[in-house]
Amino acid sequence: MKFSYSLLKKLAPKIPDKKTFIETFNSRAFESVNSGGDAVEISIPANRYSDAASHWGIAKLAAA
């Protein structure tokens, strides 16, 4: 799924810069890549879809 990094940053201001954000998510059970521009492509595993399938869910995970 594609997520807007600027919207994630608005929802959770503690999120680090985009490169660090992607590296952190890759170290936790998510696969993420820079899709260019403002978008971040994040592959969400089936067992995490219920809590991480929205901008708000990803922002909460990133801020934790």
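Which helix holds Ala-52? I found Ala-52 in helix α3, residues 49–52. I take helices (H or I, at least four residues) and strands (E, at least two) as DSSP runs, numbered from the N terminus.

I noted the ground rules. The model is predicted: local features need pLDDT of at least 70, side-chain atom pairs count only at pLDDT 80 or more, and totals for chains, interfaces and linings use all residues. Residues are numbered from 1 along each chain as its sequence is written, and side-chain values use heavy atoms, with hydrogens and water left out.

**Ala-52.** Ala-52 is buried, at a relative accessible area of 0%. Buried means under 20% relative accessible area, exposed over 50%, partly exposed in between (1.4 Å probe, protein chains only). I then listed contacts (heavy atoms within 4.5 Å). Leaving aside residues up to four places away in sequence, Ala-52 touches Phe-3, Phe-30, Ile-44, Gly-57, Ile-58 and Leu-61.

**Helix α2.** I checked residues 18–27 and found Lys-18, Phe-21, Ile-22 and Phe-25 buried. Down the axis of α2 these fall within an arc of 95°, so they line one face of the helix. The arc is that of the directions from the helix axis to the C-beta atoms. Exposed Lys-19 and Ser-27 sit on the face turned away from the buried side. The buried residues pack against α1 (5–11), β2 (31–34), β3 (39–43) and α4 (55–63).

**Ser-32.** I placed Ser-32 in strand β2. Ser-32 is buried, at 4% relative accessibility. A polar atom of its side chain lies 3.2 Å from the backbone oxygen of Ile-22.

Terms used: A polar contact is a pair of N or O atoms within 3.5 Å; within protein, one must be able to donate a hydrogen and the other to accept it, and residues adjacent in sequence count only if both atoms are side-chain atoms.
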